[in-house]
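Please consult the sequence and the structure alongside the text.

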Amino acid sequence: MKKLRRSTLALFLGFLLLSVAPSSMGRFVVEKNSLTVTSPEKIKGTYDSAIGNFGIPQYGGSMAGSVVYPKDNQKGCKEFDESGISFKSKPGALPTIVLLDRGSCFFALKVWNAQKAGASAVLVADDIDENLITMDTPEEDGSSAKYIENITIPSALIEKSFGIKLKDAISGGDMVNVNLDWREAVPHPDDRVEYELWTNSNDECGVKCDMLMEFVKDFKGAAQILEKGGYTQFTPHYITWYCPQAFTLSKQCKSQCINHGRYCAPDPEQDFSTGYDGKDVVIENLRQLCVFKVANETKKPWVWWDYVTDFQIRCPMKEKKYNKECADAVIKSLGLDLKRIEKCMGDPDADSDNPVLKEEQDAQVGKGSRGDVTILPTLVVNNRQYRGKLEKGAVMKAICSGFEETTEPAVCLSSDVETNECLDNNGGCWRDKAANITACKDTFRGRVCECPLVDGVQFKGDGYTTCEASGPGRCKINNGGCWHDARNGHAFSACLDDGHVKCQCPAGFKGDGVKNCDDIDECGEKKACQCPECTCKNTWGSYDCSCSGDLLYIRDHDACISKTASQGGKSAWAAFWVILLGLVLAAAGAYLVYKYRIRSYMDSEIRAIMAQYMPLDSQGEVVNHVNDERA
C-alpha cells in the first residue's frame, strides 16, 4: 500500500512539474555582477560572473582582493584545516578571494570550507564550456542546512576559459588582483524601489519554509518603515500550478487543486492520505493575496506583513489551526474588512478562472530582465532576481542598493546593513583616540571617510589624515585639539572659541598652544611687581605681590599705599555720602512745603469764587473786590 501511495505521489508530482512550464517559452535569467582583473596586465579586463544564490553578496558595494588558488584541495570539498591551509589576510593586506574548481561536491560546501579557512569571497571555475548558471543551494537536509545558513561571504561562478587564465597567471608567479562590483547588480531607475517576494503560506515544507517564515518576521519592521515612508512599493506573490486536463477528475487533483484543477499546490506532508491537502495551501495563499489587495485599496499595504506574521504564529499546521476560522480571527484583529476579502477570494469550487490567481500565474513568466519564477522563495528587486541568503541584513543591502547614492532613506544607514569595515584598523580613516572620534562611517555601500559632526561642532579636513574642529563650540570637543591643564583648582586652556581653528597660550604661559604651554616667570621675565616696597612671588599661570609693613598692594597701579590712607579715604567717602543724603532730605522737605502752600492758596481762591454764587450760612458777607466801584 505504501509503495502504491508513493508511486502515485511521484507520478502526480511529475505531472505538476511538467505543468510548471508556462504556455509560452520560459527562461531562467542568471543574475551577474562585474568582475574586473586589475593585474597582471596580460589578463587585465572585465569578465562576467554569476552571483551565487547563498551567502551575502555586497549589493551596492564592491570588493578588491587578491586571488589565491590552493595547491591542495582545489575543489574545496574538504576542510582546508586538514591541509594546513589558511586564507586569512594579514593586517594591511588585500582580502583573499579563493579560486576553486567545480565538481565533486555542492557549490555551497566549497564556499563554506573556504569561509572557515578565512576567505573573503570565492570564485568557482566551471569545468565545462557552457553559459554561466546560478550556483544554488542543495535540497536541504539536517546536515547541509546548518552550514548554508552560516555562509556570509559572497561567491560567484566564472567561465572555464577565464578560470584557466587566472590559474595560469597564479602559477606563473603573477599577483592576481580583482575587483568584484555589485553596485549595478540592482538598477535604480527612480527614487522608489519596487520589490516583490514570491512566498508560500505552507509552514511544513522543511528548512526552506522555516527560513522563509523567520525572514518575514525579522524583515517586517524594516519593510513597513520603507513602505510607510513611500520609499518602496512591495508586492507579494504566490506560485501556483495547474493540473493536466486529463487528470482534473483524479483524487490527487481534487485534493491538491481548486477551480477544477486550475490552481494547485503540492501536498504539505507529501502524503495524500493524512494531514492538510495542497488545496488548503492554495486557499490560504489566495486569502493572503486578497488581504494585500484590500489593504492596498485602503492605502495601508503594509498590513499584509502583520497578517502573515500573525497567521504564522497563531495558525500553524502543527497545531491543526491552519484553517479559515483562525485566519478570520487574525483578519478581524487587524481591523480588515472580512467581507471584501471573501468577495475577492471568490468560489474555489467554481469551474472558472479566479482573476487573482490567474494574474499570479501570468506573473510567474519572466519579463524584461527578470527570468521565470520557479524557485521558492524568490525575491525580485527593481525587476532583478535577488541572489544570496534570505536574511534581513542581506536583503536590506539589495533593496538599498536600488536607490541612487545620497537618496537612500535613513533605515538604509542603520546597523543592520553596515559593512563593519570601520572595525578593522578604523577603515584607514582619521581618528582621535583621546576623544573617541572617528571619520570612518559604515554604510551598506562600504565605509566612507568623512569628518564628523559632533555635538553641533563640524570637523573639517580630508577625513583620511586630518579632521579639525571648527566653528563656535569647538573647544567643547577635546578642547579643540589645543593644550589644556589644571592645577590647584585653576584650569587654563589654549583654545579660543571665536569660530577660528586657533590655539593660543593664555596670559601667563608661552608655547605652541597645541602640545605645550609653559608657565612664564612673571617676576623675572615680565618684571611684574616692580615698586620699591613690593615683594614678587611667581605662581602657576600668574604671580602674587605683597607689600612690607602696613602697606597695601594695588595691582592696577603696581604701587603700595598705606592702610591709614586707605582708611582716611574711606572716611572721606562716608562724609560725602552723609552730605549728599542731607541735601536730598532738605530738597524733599522744601518740595513738601511748596506743595502745601500751593494747595492752601488754591483752596482759598475756590472758596471765594463759590461764595459769590452760593453764600455759605456759616459765614458773613464776603467782601467782593471784583465788583467794587472805584471813585
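The secondary structure of the protein chain comprises 13 helices and 28 strands, where helices (H or I, at least four residues) and strands (E, at least two) are DSSP runs numbered from the N terminus. This is a predicted model, in which local features need pLDDT of at least 70 and side-chain atom pairs count only at pLDDT 80 or more, while totals for chains, interfaces and linings use all residues. Residues are numbered from 1 along each chain as its sequence is written, and side-chain values use heavy atoms, with hydrogens and water left out.

Reader: What percentage of the 631 residues of the protein chain count as buried?

Author: Buried means under 20% relative accessible area, with a 1.4 Å probe and protein chains only. By that criterion, the buried share of the 631 residues is 44%.

Reader: How are helix α7 and helix α9 oriented, parallel or antiparallel?

Author: The axes of α7 (residues 278-297) and α9 (residues 324-333) come within 12 Å and cross at roughly 15°; axes are lines fitted to C-alpha atoms over the stretch in contact, and angles run from 0 to 180 degrees between N-to-C directions. Angles under 35 degrees count as roughly parallel and over 145 as roughly antiparallel. Therefore α7 is, relative to α9, roughly parallel.

Reader: Which residues of α9 make the contact with α7?

Author: Contact means heavy atoms within 4.5 Å. From α7, the contact involves E284, R287 and V291. Their counterparts in α9 are K324, A327, D328 and I331.

Reader: How many charged residues does the contact of α7 with α9 have?

Author: Asp, Glu, Lys and Arg count as charged, whereas Ala, Val and Ile are among the nonpolar types. The contact has three nonpolar residues and no polar ones, and its charged residues number four.

Technical notes:
Angles under 35 degrees count as roughly parallel, over 145 as roughly antiparallel, 65 to 115 as roughly perpendicular and the rest as oblique. Buried means under 20% relative accessible area, exposed over 50%, partly exposed in between (1.4 Å probe, protein chains only).
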